[in-house]
Amino acid sequence: MQNEEWNVSAVSLSPELVRLAQQKQARLDACLQAAENGNEAAITELGINYFYGINGVPEDPDAAFYWLSRTSPENAAGRCFLGACYVIGKGTKQDERTAAELFRDSAALGFPPAQYELGLCYEHGIGLERNMARAVELYALAAEQEDAQAQCALGNLYFTGNGVEQDRARAAELYTRAAEQGDVQALSCLAECYEAGCGVPCDLARAIALYDQAAALGDGYAHEEASRLRLLRNNRRRKWDFGNPEP
């Protein structure tokens, strides 16, 4: 049987698909026009779209930096994403000091993601002097506003006792709040807590379920851990079946 050549012109799109495509393009055109006219919200949206490559535009570091650099100093989200450009060198030369300054400006405006990013800078000494007390303070501020990354980061500090008095129950509580928002790292961290009984009762079934959730979000490590725990659980069951229960 001979392969038939795919004829794109023969494809008939439904009126609904055509309408949706036209609406999406119209929104992009309107956003671009508004941004060019100086609309702050449109400038920010366009910069973020190019930063991630979402909402119908390709990822474009140069375009992301161009638009985000046009945001005003009072634009918390714009300042934060511009800082992200500098910290990773996206569309511009990497400059950790400038990144930290932008995160500081945005955090001062009460933007939780910037408070988290500035906390990272203080924890790891990125662009400024390391200061664990300040890192804890910033993580806590963002965590109170339900920033999942900050909750997980603060949980890590409580789990290890780094910068705070060790409190694994508190760590598990923070991991839980972040995991409920779908944070991949928090899901794996909470799974480890349930596996080892750290801060929560030991519960292999719960640990496996959490690893599965993280694996479904693309965490390869979590997939391996879920498989390992299933094997461990099955081996334990076989010991019971043969009348040789574990102590």
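Residues 24 or more positions apart make up 41% of the protein's contacts with a separation of 6 or more, where contact means heavy atoms within 4.5 Å. Welcome to a predicted model, in which local features need pLDDT of at least 70, side-chain atom pairs count only at pLDDT 80 or more, and totals for chains, interfaces and linings use all residues. Residues are numbered from 1 along each chain as its sequence is written, and side-chain values use heavy atoms, with hydrogens and water left out.

**Overall make-up**

- The protein has 12 helices and 0 strands; both are DSSP runs numbered from the N terminus, with helices being H or I of at least four residues and strands E of at least two.
- Of its 247 residues, 39% count as buried, meaning under 20% relative accessible area, while exposed is over 50% and partly exposed lies in between (1.4 Å probe, protein chains only).
- The accessible surface comes to about 14100 Å², and 50% of that belongs to carbon and sulfur atoms; the areas come from the Shrake-Rupley method with a 1.4 Å probe, and for residues only the protein chains shown count as cover.

- Not counting residues up to four places away in sequence, the contacts of Tyr139 include Tyr116, Leu120, Glu123, Ala150 and Leu157.
- In helix α3 (residues 61-68), the buried residues are Ala63, Ala64, Phe65, Trp67 and Leu68.
- Asp60 caps the N-terminal end of α3, with a side-chain oxygen 3.2 Å from the backbone nitrogen of Asp62.

**Arg79, a buried charge**

- Arg79 sits in helix α4 (residues 76-88).
- Arg79 is buried yet has no salt bridge, and the nearest side chain of opposite charge, Asp105, is 5.8 Å away; for charges, Lys and Arg count as positive and Asp and Glu as negative, while His and the chain ends are not counted.
- Its side chain does reach the backbone oxygen of Ser72, at 3.4 Å.
- Leaving out residues up to four places away in sequence, Arg79 touches Leu68, Ser69, Thr71, Ser72, Pro73, Leu102 and Ser106.

**Salt bridges**

- The count comes to 8 salt bridges, each being a side-chain nitrogen of Lys or Arg within 4 Å of a carboxyl oxygen of Asp or Glu.
- Glu59 pairs with Lys90 in a salt bridge whose closest N and O atoms are 2.6 Å apart. Glu59 lies in the loop between α2 (40-52) and α3, and Lys90 in the loop between α4 and α5 (96-108), so the pair ties together parts 31 residues apart in sequence.
- Glu59 counts as partly exposed because its relative accessibility is 48%, whereas Lys90 counts as buried at 11%.
- Arg177 forms a salt bridge with Glu146, the closest N and O atoms being 3.0 Å apart. This pair links distant parts of the chain, with Arg177 in helix α9 (residues 168-179) and Glu146 in the loop between α7 (132-144) and α8 (148-160), 31 residues apart.
- Arg177 is partly exposed at a relative accessible area of 21%, and Glu146 is partly exposed at 39%.
- Arg228 and Glu225 meet in a salt bridge at 2.6 Å, N to O; both lie in helix α12 (residues 220-241), 3 residues apart, about one turn of the helix.
- Glu195, Glu225 and Arg228 are linked in a network of salt bridges.

How values were computed
Polar contact = N/O pair within 3.5 Å; in protein donor to acceptor, adjacent residues only side chain to side chain.
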